[in-house]
Amino acid sequence: MKTDDSPFEYVYDPDAASGYLPWDRDAPEGRRQYTTLAPAIETILKRLKIDAVPWLDALAARWPQILPPGIAACTRPVKWETGTLYVEVAGSAKLFELRRFKQREMEQAVRDAIGGERDLRHIHLIPGNRLQI
């Protein structure tokens, strides 16, 4: 079929107009599942004992006994730096809830658990993407 303003003839081919690309080199079905590198790096660092903090590992082991089950299940201590304990929280909604309503309770529970071992000034809650709720 030829239009008046076009010098080219357009031929409709119903087989070619199926709506799909003829060949998709990077089809979604063939792609590998997305995984983060963080768990692998964490495993390697633990194996090589790089940046090991025995006190923090002991605290992480006692974490379910220190905090109420609902809080301990979605949090974990990850870092200690000059009086601040960094706690990873699964999910931003849970992070907001803990920061708004439970942070002081968490700080007091951790202070009671560590006693005079360390001077805890603050718990800093950070979003964590490796934890499952």
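1. Start with the nonpolar patch. Leu-37, Ile-41, Ile-44, Leu-45, Leu-48 and Ile-50 together make a nonpolar surface patch of about 560 Å². Leu-45, one of the patch residues, is found in helix α1, which covers residues 38-48. The relative accessibility of Leu-45 is 34%, so Leu-45 counts as partly exposed.

2. The overall layout. The chain has four helices and three strands. Along the sequence the order is α-α-α-β-β-α-β. Of the 133 residues in the chain, 24% are buried. The chain exposes about 10600 Å². Carbon and sulfur atoms supply 55% of that area. Take the contacts with a sequence separation of 6 or more: residues 24 or more positions apart account for 59% of them.

3. The hairpin. Strands β1 and β2 pair in the antiparallel sense. The pairing runs over six bridges. Two residues sit between the strands of this hairpin. Strand β1 spans residues 75-81, and strand β2 spans residues 84-90.

4. Thr-82 deserves a check. Where is Thr-82 placed? Thr-82 is in the loop between β1 and β2. The phi of Thr-82 is near 40 degrees, a positive value in a residue other than glycine. Most residues other than glycine have a negative phi. Thr-82 has a relative accessibility of 61% and therefore counts as exposed.

5. Is Glu-88 buried or exposed? Glu-88 is at 6% relative accessibility, so Glu-88 counts as buried. Arg-76 has a relative accessible area of 24% and is partly exposed.

6. A salt bridge between Glu-81 and Lys-79. The side chains of these two residues meet at 3.3 Å, N to O. Glu-81 is at 37% relative accessibility, so Glu-81 counts as partly exposed. Lys-79 is at 39% and also counts as partly exposed.

7. Glu-105 and Lys-102 meet through their side chains, 3.7 Å from N to O. Both residues lie in helix α4, three residues apart, which is about one turn of the helix. Glu-105 has 38% relative accessibility and counts as partly exposed. Lys-102 has 32% relative accessibility and counts as partly exposed.

8. Glu-107 is worth a look. Glu-107 lies in helix α4, which runs over residues 92-114. Glu-107 is buried yet has no salt bridge. Which side chain of opposite charge is nearest to Glu-107? That side chain is Arg-111, 4.2 Å away. Which residues does Glu-107 touch, leaving aside neighbours within four places in sequence? Glu-107 is in contact with Leu-120, His-122 and Ile-123.

9. Gln-65 and Ala-113. Gln-65 is found in helix α2, residues 54-66. At 65% relative accessibility, Gln-65 counts as exposed. How far apart are the C-alpha atoms of Gln-65 and Ala-113? They are separated by 9.2 Å, whereas the two residues are 48 residues apart along the chain.

10. Points to carry forward. Two residues stand out for a second look in this predicted model. Glu-107 is buried without a salt bridge. Thr-82 has a positive phi near 40 degrees in the hairpin of β1 and β2.

How values were computed:
Residues are numbered from 1 along each chain as its sequence is written. This is a predicted model: local features need pLDDT of at least 70, side-chain atom pairs count only at pLDDT 80 or more; totals for chains, interfaces and linings use all residues. Side-chain values use heavy atoms; hydrogens and water are left out. Patches are made of residues with over 30% relative accessible area and no salt bridge: like charges are joined within 9 Å, nonpolar side chains (Val, Leu, Ile, Met, Phe, Trp, Tyr) within 5 Å. Accessible areas come from the Shrake-Rupley method with a 1.4 Å probe; for residues, only the protein chains shown count as cover. A salt bridge is a side-chain nitrogen of Lys or Arg within 4 Å of a carboxyl oxygen of Asp or Glu. Buried means under 20% relative accessible area, exposed over 50%, partly exposed in between (1.4 Å probe, protein chains only). Lys and Arg count as positive and Asp and Glu as negative; His and the chain ends are not counted. Contact means heavy atoms within 4.5 Å. Two strands pair if DSSP finds at least two bridges between them.
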